[in-house]
Amino acid sequence: MYDYDYCKYHQRLIGVHQKAENSHPLLQGLHNLFTVIGLKAFWQKTFYGLKTQVEELCMHGQQIEALQLLIERLNRQHFWLNHAVKWWVLMRLSIQIAQDLPKSTLNRVSDPIQHLFKLGGYAPMPWRGEDVAYSFVALSLWSFELGKTQKAIEQVNSAIHADISWGYPEYLLGCYGLLLEGIEPVTHFVKAVELNWNFLERLKQDPLCQQFPDVIQAVTACILAKQNGESMFSKNEI
C-alpha cells in the first residue's frame, strides 16, 4: 500500500502537465470595486468573487478556512452559466488546497476531505475536461492510501475518460497494477508513454517501479517496437 510520502510523490506528479491558472488581475480590481460600492456580499456569491475570496484566505495562511468555504459552496450553490465547468474548477481548487496542507494538519482536514469524497460521487455532469481528470486522480490517490482500492480504480478510470489526452491517469493505473491483481501494468504504462514520452523517464525514476525492473524493461521494449513499426505480439515467420 502507498505510504503518505509516496502518495505525496504522486500528488506532485499530477501537476506536471496540469497547472491551474491564477486569477486575472482584473478580478482583484472587480473585488475592490464591489467592496467600495457596498456589494461585496453579492460579489462573493459569484464564481469569480468566490475564487478571489479563496485566494485571499490562502494568501493569509487560512487554507483550512478557504477549503471549508469552497466545500460549503460546492454543496449548495448553483453557478450562473456553465455551472458544471465552474463547479469542477472549484472542486479542483479545493483538492489542490488540501494536497498542499502539511502532514501535521491532516487530522484537522480529515472531515473536509471526506466531504470532497462525497462531492465527487454526485458531481455535476458532464465529467469531461482537465479539472475533472485532476480531481478524480487526486481522489483516487486518497482512496488508495485509505485502502479503498476498488474505489480508487473506479476514480482513476473516471479520470482517464474525462481527459483522454492526459497520460498520468494511465500511469497511475499502471502503478496500481504493480500492487493489485487483475490490472496489467505494462499496458497502462505504455499508453501513458504514448501520450507523453516523459512518462518513460518517470517510470525509470519512480521508487515503486524500480522494484519491478522486468516491468520497466517490458515497457521500454514495447515502446521501441512500436516506434519501429513492429508489434510485440505478432507472430514471426518460422
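Predicted model: local features only at pLDDT ≥ 70, side-chain atom pairs only at ≥ 80, totals over all residues.

Student: What makes Trp87 and Trp88 a pair, and what kind of pair is it?

Tutor: Ring centres have to lie within 6.5 Å, and planes over 60 degrees apart count as edge-to-face. With 5.1 Å and 80 degrees, Trp87 and Trp88 are therefore an edge-to-face pair. Both Trp87 and Trp88 are buried, too.

Student: And why is the pair of Phe117 and Trp142 called edge-to-face?

Tutor: The centres are 6.4 Å apart, which is within the 6.5 Å limit, and the planes stand at 75 degrees, which is over 60, so edge-to-face it is.

Student: What does the pair of Phe117 and Trp142 tie together?

Tutor: Phe117 belongs to helix H7 (residues 106–121) and Trp142 to helix H8, so the pair ties together parts that are 25 residues apart in sequence. Phe117 and Trp142 are both buried.

Student: Which residues of H6 meet H8?

Tutor: On the H6 side, Trp88, Ile95 and Gln99 are among them; on the H8 side, the residues include Tyr134, Phe136 and Trp142. The contact divides into 11 nonpolar, 3 polar and 3 charged residues. As for geometry, the axes of H6 (residues 83–100) and H8 (residues 130–145) come within 9 Å and cross at roughly 35 degrees, and the crossing is left-handed.

Student: How do you know whether Gln99 is buried or exposed?

Tutor: Gln99, in helix H6, has a relative accessible area of 5%. Buried means under 20%, so Gln99 is buried.

Student: What makes the link between Gln99 and Tyr134 a polar contact?

Tutor: The side chains of Gln99 and Tyr134 are joined at 2.7 Å. The limit for such a pair of N or O atoms is 3.5 Å, so 2.7 Å falls within it.

Student: Last one: what caps the N-terminal end of H11?

Tutor: Glu184 does, with a side-chain oxygen 3.0 Å from the backbone nitrogen of Val186. In H11 (residues 185–195), the buried residues include Val186, Phe189 and Val193. Their cover includes helices H10 (168–179), H12 (198–205) and H13 (213–227).

Key: Residues numbered from 1 in each chain as written. Heavy atoms only, no water. Axes fitted to C-alpha atoms, helices over the stretch in contact; angles between N-to-C directions. Helix = DSSP H or I, 4+ residues; strand = E, 2+ residues; numbered from the N terminus. Left-handed = near helix turned anticlockwise from the far one by under 90°. Contact = heavy atoms within 4.5 Å. Nonpolar A, V, L, I, M, F, W, Y, C, P; charged D, E, K, R; others polar. Buried < 20%, exposed > 50% of the residue type's maximum accessible area, 1.4 Å probe, protein only. Polar contact = N/O pair within 3.5 Å; in protein donor to acceptor, adjacent residues only side chain to side chain. Phe/Tyr/Trp six-rings, centres within 6.5 Å; stacked < 30°, edge-to-face > 60°.
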